[in-house]
Every structure is written in structure tokens, then in C-alpha cells.
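Subject: A structure to look through, with notes

Dear colleague,

I am passing on a structure for you to look through, together with some notes on what was found in it. Please keep the structure open beside the text as you read.

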Amino acid sequence: MPRTRWTLADLAPACDFLAPITVQGLSQLLQRVGIHYKAARDYIHSPDPDYEAKLAYIAHLLAEARASGGRRVLLYQDELTYYRQPTLARAYEARGRRQPLAQRSHAANTATRVAATLDPFTGQVVAWQGTRFDRPQVVGFYRQVRLAYPDAEQIDIVQDNWPVHFHPDVLVALEPQVQPWPLYRPRHWAEAPSPEAVRRWGELHLPIQLIPLPTYASWTNPIEKLWRKGKQEVLHLHRWAAQLPVLREAFLRFLAQYAFGSRDLLRYVGLQVPG
């Protein structure tokens, strides 16, 4: 079986052209030629055959929104699940003392769901938080987004390919969807919305178009960096595992600071800051 992880002890015998060489000598040689022992990171390449075309389409919509004077809006959208127990992270501690501690609770590791949009021109964040995010909550969140942009004639929401985004019971609340790619739904789902969804949301006609990102390409969605910021500032090593309402309120306060836009947030997520 071919090796996927080499150690110096494995490399030394394999480098017979350097023989004899010790493990220490090999380590010094690798440092001299600029090869270092590094932590690994997750990696995946998007398998989407329309990867470039989808990004080009989003760039086109972004340009249209920029030139529309507010009549068109484009937003990046995503969800986050965080848990009662604090997440681990590096932190400062006095030398010779114990490691920084993630103080856990004996209670169940309760999940909290968050959804948000990010405006790439202003840095405005529209956020929702609750215990679950299914079809009724998705529709409610889209209504919240519409209220945040009451004068927009069309709102393009760029999001990943989670099937619930495109459930017929969700789409019945929106205007007819017009974009170049089919919206992914599991084969066993019904094609038509349920009578209950039609009764509840069929008259909304929210002016929202759902724009799918390339599959398995989270790096193409700038709002992912908002979640990273929230983990760094709120969730890592937090002290509220026994006080879930306090933890949830802290995360809502983190999101609320961007409710009216933020140039600093735009810089953080790597988007162009308006001049």
C-alpha cells in the first residue's frame, strides 16, 4: 500500500542515494531545502462542471446590482449550527501553568441554528436565530430579508445547494425562479408544493431569486468568514455552557453589530470596500 504520511524514520531508508544518513541529518537537510513539517488542512476540489460559469453568472448579477441604484440587491446567504459546549482554540496562558480550559456543562450539547445574509456593498447582515431551520423558518427568514430591503424590485440570494433552500413549499412563497441551472431537489420529493404551503405562503410572491453556488465550494461564499469571526470572538472557549440563553444572546449581539453595515466586516471577509 502506498504511503500517505511519511515520517523521517521512513524517509531515511528510502533516500538510499544519501546513505548513510541519520534521521537528524535528514531533518537538517530538509530544512536547508525549505521543506518543513506542517499541519494538514482539509481540501476538496469542487466537482461542479459549471463551476466557472456559475461564478461568472454571480459576478454578472453583482455588477447589475451595483449599477441599479438599489432596485436590484444581491446578498450572500448561509447557515451556521453552533452548540452549547465551547469549541477548542489556542489561547494565552501563563508559562508553566495549565493549558487554557474549555469549561463544559453536564447538560446536553444543545444545537442553535443561525441564518444570515451579507450585503457585499454595505456589509449589512440580516440575521435569524432559533432552534431549527426548516421550511417554515426558511420562508420566515426570506420574509425578514424582504423587510430589510423594502424598495428592492429583485433580491438575488446567493447560497449553497442545501435541498431545503429549493423545496417546493419554500419556492411557492417566492416569485417564479429564472436562472440557468436546475435547482437541486431529492428525487423522492414532490414536484408541487403541499396544499398547506400554498395556503400559508402562496400569496407572498416575494421578489427573491435563489442563485446556487458551485457544489462543494464553500470558499466562494464570503459569509463563511463571518462564521469564522463569530467562532473566534464568541464561541471558542466561551464560559456560558451552563447558561445557554446567555450564550445565544452573546451570539445575537455579535451579529447585531453589523445590522446597519460595516466597512470593517467587508474588509474582513475579503470584499471590496466602497470608495
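This is a predicted model: local features need pLDDT of at least 70, side-chain atom pairs count only at pLDDT 80 or more; totals for chains, interfaces and linings use all residues.

Because a residue counts as exposed only over 50% relative accessible area and as buried only under 20%, W219, at 46% relative accessibility, counts as partly exposed. Y216 is placed in the loop between β5 and α7 as well, and at 61% relative accessibility Y216 counts as exposed. The phi of Y216 is near 50°, which is a positive value in a residue other than glycine. Together with I44, the residues Y216 and W219 form a nonpolar patch on the surface, and the accessible area of the three together is about 380 Å². H205 also has a positive phi, of about 50°, although H205 is not a glycine, and its place is in the loop between α6 and β5.

Which residues touch the most other members of the largest nonpolar core? They are L226 and F251, in a core that has 33 residues. At least two residues of this core are supplied by each of α3 (51-67), β1 (72-83), β2 (111-118), α7, α8 (244-256) and α9 (263-269), and the largest share, 6 residues, comes from α8. If you leave aside the neighbours of F251 within four places in sequence, you will find F251 in contact with L80, Y82, V114, Q129, G230, V234 and L235. There is also a second, separate core of 28 residues, and F133, A152, L171 and W201 are among its members.

Strand β3, which covers residues 125-130, is mostly covered, as 5 of its 6 residues are buried.

Helix α4 (residues 135-148) contains V145. Is V145 buried or exposed? At 0% relative accessibility, V145 counts as buried. Not counting residues up to four places away in sequence, V145 touches L75, T117, V126, I155 and I157. By contrast, a separation of 49 residues in sequence goes with 50 Å in space, C-alpha to C-alpha, for V145 and G96.

Finally, let us look at the charged side chains, for the structure holds 11 salt bridges. One of them joins K54 and D48, with the closest N and O atoms 2.8 Å apart. Both partners fall below the 20% cut-off for buried residues: K54 counts as buried because its relative accessibility is 7%, and D48 counts as buried because its relative accessibility is 10%.

Another salt bridge is formed by D134 and R135, whose closest N and O atoms are 3.9 Å apart. D134 is partly exposed, with a relative accessible area of 23%, and R135 is likewise partly exposed, with a relative accessible area of 31%.

In helix α6 (residues 195-201), the side chains of R199 and E196 meet in a salt bridge, at 2.7 Å from N to O. How far apart are R199 and E196 along the helix? They are 3 residues apart, and therefore separated by about one helical turn. R199 is exposed, with a relative accessible area of 60%, whereas E196 is partly exposed, with a relative accessible area of 39%. Elsewhere, salt bridges that share partners join R132, D134, R135 and D169 into one network.

With best wishes

Definitions and conventions: Residues are numbered from 1 along each chain as its sequence is written. Side-chain values use heavy atoms; hydrogens and water are left out. Patches are made of residues with over 30% relative accessible area and no salt bridge: like charges are joined within 9 Å, nonpolar side chains (Val, Leu, Ile, Met, Phe, Trp, Tyr) within 5 Å. Accessible areas come from the Shrake-Rupley method with a 1.4 Å probe; for residues, only the protein chains shown count as cover. A salt bridge is a side-chain nitrogen of Lys or Arg within 4 Å of a carboxyl oxygen of Asp or Glu. Buried means under 20% relative accessible area, exposed over 50%, partly exposed in between (1.4 Å probe, protein chains only). A nonpolar core is a set of buried Ala, Val, Leu, Ile, Met, Phe, Trp, Tyr and Cys residues joined through side-chain atoms within 4.5 Å. Helices (H or I, at least four residues) and strands (E, at least two) are DSSP runs, numbered from the N terminus. Contact means heavy atoms within 4.5 Å.
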